[in-house]
Amino acid sequence: MQTAHQDDRAREQQQQRQQADAAGAPQAQAVDLATPTAPPSARQIDQTLSAGLPGYAEGTAALAQKLAREQTSQAGVDALAANRGALWSDVVAAWRAAATQDERFVKQFGNSDPIAQQKFRDVDGERYYEGGIDAVKPGFYGAVAAEVQTAPIQRDRIFPLMQRAAGSYKFKGTKIPGDQLAAMSRRTHGVGTLYSYALSARGASIVDTWARAELATAAGMTPVEAANAGLLPDDKAKLEALKHLLRTTYAGDAKGLAEPSASLARAETWYSPAEVTVRPADPDMAFADMMTVGALQPEWYADGALDLTIEPTGMREARKPTAFDGMMSALWVSRNQDDQTYGVTGGGAREFLERGVTWAAVKSAVPVIPSDTWMAELARLNAAVKASAPGSSVGEELLRGNDPGVAATAPAYEQVFDRSLEEAQAPTTVPGQSAPVGGAAMAPGGTFDTTRTPAPLHANPVLGAAPAPAPAPATPLPVDPGAAASDDAGTVAASAPTPTTPAAGSDAIRGDTAAPPPAPASTTPAAAAVAPQPQAPANPDVSRHAIGAAPGDWRAREIAAVPSAQVMPDDPGHVYHVLDDGDVVATTTPARVDPTAARAARAAAPTPAPAPTTTAARAAPAATAPAAPTATAAPATSAATPAPAPAAAAAPAVAPATAPSVIPPKPTTDVEYKALAGWAAFSANVQSFGLPEATALKGWKLAMDQLYTNQEAYDRLRSDPAAMTAWVDSDPARVGFRAMADDLLAAKPLDTSRTYALWSGKPAHEYAQTQGHEVLESVAIGKLFDDVRVVFREWNVMKTLWRAISDVYARKIGEIMQGHAIHVYQRKLGDIFAEVESKALAELADSTGVPPRYVFHPLVVTGAFGGEAEYEKPYANGPWRDRLTTAAAGDKVRAQGACEAVGVRLFSYTGIVPVGDLRDAGATGSASAAAAVMTAHNQDVDARCTRAESALLTAAGPAATPGTSV
Amino acid sequence: MPDQALRAALEALDAPIQAPSDLLQLDLKPIAVLDAGHKATLVAEIAARLGAGRDDPRLVDALVEIGSKAAWQQIEALAAAAEPSVSSARAARRLGVLRRDRRAVRWLAAALRSWTYVVEEAATGLYELDNYRADEALLEALAGRDEVEIRRVLLDRLFVRHGLDAWQLAASPVWSARMAALSPWPSLRAEAIAVIGRWVRGARGGATPQALGVAVPDVPPSAAMTALLKALRDPNATLDAGQLAILQGGERDWAVDLLGKALERGEFRAVAALHAVGGARAQMVLDDARALDLPVMATANA
């Protein structure tokens, strides 16, 4: 069908050309003979030619001048304009001649191709071409110009011509002496290339056998039966078989499949020094990382890649890359740095070119095969670009601002582009070596210039260089102007997929029908975050914060009133009435409001609300309020500092309210200190250690004074990061807590005959105690605040308290355990150990200069994860329980049975795991090693859960599959 | 009046912090069992708290536990806040890890310019995201921040992410780089941070510790080094120049770092000792100390 269609179209075009020739030429001749008129001016000619070939102004102007000089008739001009092929040829020839130099012509012609713009600069700045770049530039540009003249070409896609013309100028960079080369090198090798050029006979046989088996299995036959039936795998099936083998049998090393005598490349190719191994990670992310380091375009490796570690032997022929070698890739970044042996990739890795390396020198070939989704997408993208922009590539089109339909692989493109752009815009430098000559490699308007229009897609460097503008909206690939006007078969409309999909990862959010709320602009950090989801009230007279009927006597008890919009912007049109007991009623229709609105109303009430003053109210006390010191003023001066004038309407969005914190004025007498919430429990705790109340009161006053101070500092400094950092880590922020802790430790010292441990993730602290260690929670200092509900609730302020206490404890045990390893029991990663205690110990070690010694104990539970909650996904028991229960159509017993069949015990632990079920998975000397142990355990449980889910879904049949209707 | 379930969830939101572990998460069980209607109410309650200026990352995890569209919208809006807070960094962290939101690195990188607690949260998020851009953000902040507390946080995340913490052994390149990166000496610091950057990028590319040159045996200090360690613990002890001069390899670097710390503390004896150790690193510390106009250097010059 398609062939017939194309034949028809070709015939039509041929007929059109013949008709044009027949109509045009004789007519021109007739006119010339019959009515000799003045030939058109150059301007008139240019207008005609430009209409026939828009977008080539410099060329049509040059040709117009030439035709005018030759006194060509209007008919002749018209005839030429009607013959697109001839017009193109003449325009380019005239342009090239007028430019007088091929370099000038090519640079003019290609000035709308950002990649060419960059390459022009790379060539101009080249310093390592053997014999000098100037001698070869005329030849190079001459070759490009000749190719431009050969056939119609889009001006904004001249780069492929430059790539072809560069062929004979490659591998001419400065020679790198063998003794300067690293013994080991690495290279990224395509799986497709291995399949096509380097499989050994044995490797080919293995692949063929597997492919035959696959084919036979799909057909329900034995391989022999399938072969007899003529079912033989084609190259595509064999390549798929190879990929399967690389993911399974040869996942560790694929070099056994290659022919040792086969060359790694047909000519010279790219290497980096250093021995590398591929990280075991998410295959897509590993693939993206691999592309990034080498600044490789992901679509080149649509069938996956191999990470080769190579140890060449014998004489080596290696050279520094030049701009001509760099024509291989749009992402190549030039690096003029004389004292470097190597070049540098856009990913920041060192690179060089070498010839004559065979697979015999390969030490290992580790496959990095992305997911099928990614590979399918890369193949689709390649096909789309091949159809619509022949000669170009996916990466080039994205860099030009055209989107061939990148979706799942967007993170890879973004990562590769971002890193290369950073390297081009702000090159990395090596101490002790000179900065690259000429600074950044970026050409204005070129590949790496993110300020140009259209901007490159999926390129937003976040570091170093100036932030890039938002990517231009996805645009379809332009139609090749060289193609016949009627020939639209190859345009993107027909072949390219849909425009860019939303960012990976945010799909679930953006996939909702409603757009997410715009981020509110605000100078208050947390206030900037939120806009309560508006829900239109059924009755506009009823506050959206109404939660119940107003008390019958509410009018008589009213002590203040506030317009609702002033305190709850999401609830305009009402009045909030503050009652004598602190309750708040909204009108028009009287109704009690929820605690949030009530707090806000009380805080903004023009007369003191009956409830104790909140932080917000302290910030804006009523004029009639007693002149109590405010917590927002420094303690030393607060008593003398007049309260600021009341804010007319302290809108919650900007008020530093610490809902529902209720902080009274700072006490000044023992009685007032004891009146603060929490004193009774604190005092009881201290006395339970055998210490007198006086010790408790002293500690209490120290702690409370420090909390008041820190609350004030937090309110005052939160918008000044440097000042806040200076404060939090300073003595004044801790001195009170430290004094309290030191006093307690002096009165109730830690037992130096005991060993002390740190922990993270409950109940690791209990486990540590079963191993004979003390932990913070088991000693007096850790029990001080048990059941103590202080008035301070601000997370950042309370963190200063516990950070200081943990610091004191960690330092103390650091001293006690000096010369011994400190044991750390970890049920989960991070947690208090990472965020608080290890910091204190690190400070201690840093101050002495002697590295600390830890013994980490990763604690695992057989068949269960360390995490429980949603935020700990994917390794979380709760979400997996839900998922498995869903797979069992709600039957928890069946879900539990399926789990137990594969050794999963999630249903046995719905709360904190009994300490007896914790298992020490093996002591290690570092947090990273312990993390690896826990991650491996979690991955194993995850795999088992997946198997249980599959079993449940298979047993239940399609009707129970989530997402299908039952 | 809210019913019992909602009341319990609301109480969980505002529960007091009575232990370090209370800083980590709220009691999420009462939230997990709420029905959809109550969850919607709770989202509004959390939004109101955040809107009122409460900076509490645990509220973000409560929103994650709720998991509704509205909850995630709040998280997204919080992550995009103009001014970073601990909560906004937590929001970006959760979006990046749980929803693979590509903007997370950018938000977290911006948060690294904020104050200590925000940096701690953001650095942990970047550690969890575990990609090269996250590494680069941490490295850039490491090079750009002056506060030693901040640099320590960034170093710890980078080291644990790439297994460098396992090689923090006495006289090892990693320990020396750590000491130098946390030192006040600009030249030494810059060099160390560049080295750490190379390790991180190499490790990200899959280089083994051996290939990176960080894998060294854990050997006890030499007699000369032991003498130096002992002498440094006693401010009145004399530092033996002869012993210092015979230090070799990693111990020589370690000695420079230790003496640099002594110089930082204003110990005059460190100046002569650094001269005795000699070499480019020692000279770098002395030059930096001179450039910083440390009083101890004025004494030494006098």
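**Close-up views of chain A**

**View 1. Helix α13, seen from its buried residues.** In α13 of chain A, the buried residues are A:Lys238, A:Leu239, A:Ala241, A:Leu242, A:Lys243 and A:Leu246. This is a predicted model, and the helix in this view takes in residues 235-247. What sits over those buried positions? The cover includes α10 (191-198), α11 (201-219) and β7 (362-368), again from chain A. As for geometry, α13(A) has 13 residues and goes 18 Å from first C-alpha to last, close to the 18 Å expected at 1.5 Å a residue.

View 2. Zooming out for a moment, chain A holds 36 helices and 17 strands. Of its 966 residues, 46% are buried. How many of the contacts between residues at least 6 apart in sequence join residues at least 24 apart? In chain A the figure is 74%.

**View 3. Strands β10 and β11, an antiparallel pair.** Here β10 (residues 575-579) of chain A is mostly covered, with four of its five residues buried. Its partner in this view is β11 (residues 584-587) of chain A, and the two pair in the antiparallel sense over four bridges.

**View 4. The five-strand sheet.** In which order do the strands of this open sheet come? Reading across chain A, it goes β14-β13-β15-β16-β17, with mixed pairing. At the edges stand β14 (773-774) and β17 (918-920) of chain A; each has a single partner strand, so one side of each is left without a neighbour in the sheet. Further in, β13(A) and β15 (residues 822-826) of chain A run parallel and are joined by four bridges. One handy landmark is A:Leu758, which has A:Val824 as its bridge partner in β15(A). For side chains, the general rule is that in a regular strand they alternate between the two faces of the sheet.

View 5. Is A:Ser760 buried or exposed? A:Ser760 has 26 other C-beta atoms within 10 Å, and the cut-off for buried is 20 or more, so A:Ser760 is buried. Look for A:Lys828 as well: A:Ser760 and A:Lys828 are 68 residues apart in sequence, yet 6.2 Å apart in space, C-alpha to C-alpha.

Technical notes:
Residues numbered from 1 in each chain as written. Chains lettered and ligands numbered in written order. Predicted model: local features only at pLDDT ≥ 70, side-chain atom pairs only at ≥ 80, totals over all residues. Expected span 1.5 Å × (residues − 1). Buried ≥ 20, exposed ≤ 12 C-beta atoms within 10 Å, placed from the backbone. Contact = placed C-beta atoms within 7 Å. Pairing = 2+ DSSP bridges.
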